[in-house]
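Walk me through this protein, please. I would like the overall build before the local details.

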Amino acid sequence: MPNIFLPRFLSESPDPHALEPDPPLRAAGPVGVLLVNLGTPDQPSAGAIKRYLGEFLSDSRVIELPQWLWQIILRGVILNLRPRKLAPRYKEIWLEQGSPLLVYSQAQGRALQEVLRGGGDNVRVEVGMRYGNPSISDALGRLRSQGCERIVVLPMYPQYAASTTATAVDAVAASAARMRNQPELRFIKRYNTDPTYIDALARKVRQFWADHGKPQRLLLSFHGLPRTTVEQGDPYHRDCMETVQALRQRLGDDADRVHVSFQSRFGAQRWLEPYTEPTLKEWAAQGITDVDVMCPGFLADCLETLEEIQMQCRDAFLASGGKQFRYIPCLNDDAFWAEGLAALVRRNISGWES
């Protein structure tokens, strides 16, 4: 039950000149950049995973069932069983510094800050998670405390989907709704064909092939969505296909090696196809023995890339007759991508620099 005695709006730092008849001009202050990623448990334990999943799977943009029905299923079944099953999987991929998704997201934030400062941009960068810690509201608070009255929100999802980008926008708006003195906000909707992003992917692929040789096929595995969401107007599938087209063009003579699939299917309904693991099994049965897999929709490695792709899909492909399976890591802490990310930010803060 909400506490009716709590103030409706967050307290703000008082302006010492607010009541003056002739106040001095306000300084522009730095521009804020809020990088938003999905989120992660705080620890690879069943308890931490349960808290994270409880928040994540309660988002009506993620699960579009009637909430009264879904909460019965979620609280009665899923949160009592799934965290214990996921804990060993998280432990397998956990880094010494913490969750890979958080570690690499923060690394991108630090690298972006360094590139922008090195170019003379008066910008402050913070990372917030849609679910879990550090939260979006905390990240916004840190930007405001540094004097950022203008903030660009950059979801770490190159392809737009209502269950990722839109819910990040929702969370930022909900945080702003509690502020008395709101900052000016801009949102980057998608950058699925932005040259900086495509160049970073192509460079990653070419470097990997230069070191390890070219495979028979390169599978681009995107996170899946229920097919009904696209039939209801979600542009995600088209965004993914546009990324595939752009990357094929950039790879030139190797374009024919590139194929696409969708992973992380959940539940019994039909999702976007073809599915990643069945595709790999089918290829192995057809005599395709050498494949590389890359996940362009993820900017930072996480459970869905390191455990599902690099472990589960690898084992499935080899067990079905494949001979060589290689996973190409996400952009993570790639220095070339940090430059591209900075270029993307600079274009989107145009007019805010001075």
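Buried residues make up 51% of the 354 residues in this predicted model. The accessible surface comes to about 17400 Å². Carbon and sulfur atoms hold 51% of that surface.

Now take the overall build. The protein has 11 helices and 8 strands. Its radius of gyration is 22 Å, close to the 20 Å that the globule rule gives for 354 residues, so the protein is as compact as a globular protein of that length. Along the principal axes, the C-alpha atoms fill a box of roughly 80 × 50 × 40 Å.

Contacts come next. Count those with a separation of 6 or more: 78% of them are between residues 24 or more positions apart.

Look at S13 now. This residue lies in the segment before β1, which spans residues 31–40. S13 counts as exposed because its relative accessibility is 71%, and the cut-off for exposed is over 50%. Along the chain, S13 and S145 are 132 residues apart. Their C-alpha atoms are separated by 9.0 Å.

Two prolines deserve a stop. The peptide bond from N133 to P134 is cis, with omega near -10°. P134 sits in the loop between β2 (123–132) and α4 (136–145). Another cis peptide bond joins E273 and P274, where omega is about 0°. P274 belongs to the loop between β6 (258–263) and α9 (276–286).

The loop between β6 and α9 also holds S264. S264 is not a glycine, although its phi is positive, about 65°. Is S264 buried or exposed? Its relative accessibility is 14%, so S264 counts as buried; the cut-off is under 20%.

N332 is another non-glycine residue with a positive phi, here about 45°. Find N332 in the loop between β8 (324–328) and α11 (335–348). With a relative accessible area of 6%, N332 is buried.

Finish at helix α10, residues 303–319. Where does α10 bend? The bend is at I309, and its angle is about 30°. I309 is also one of the buried residues of α10. Others in that list include L303, L306, C313 and F317. Just after α10 comes G321, with a positive phi of about 115°.

Key:
Residues numbered from 1 in each chain as written. Predicted model: local features only at pLDDT ≥ 70, side-chain atom pairs only at ≥ 80, totals over all residues. Heavy atoms only, no water. Helix = DSSP H or I, 4+ residues; strand = E, 2+ residues; numbered from the N terminus. Rg over C-alpha atoms; globule rule 2.2 N^0.38 Å. Buried < 20%, exposed > 50% of the residue type's maximum accessible area, 1.4 Å probe, protein only. Contact = heavy atoms within 4.5 Å. Areas by Shrake-Rupley, 256 points an atom, 1.4 Å probe, with all protein chains shown as cover. Bend = angle between axes of the 7 residues up to and from the residue.
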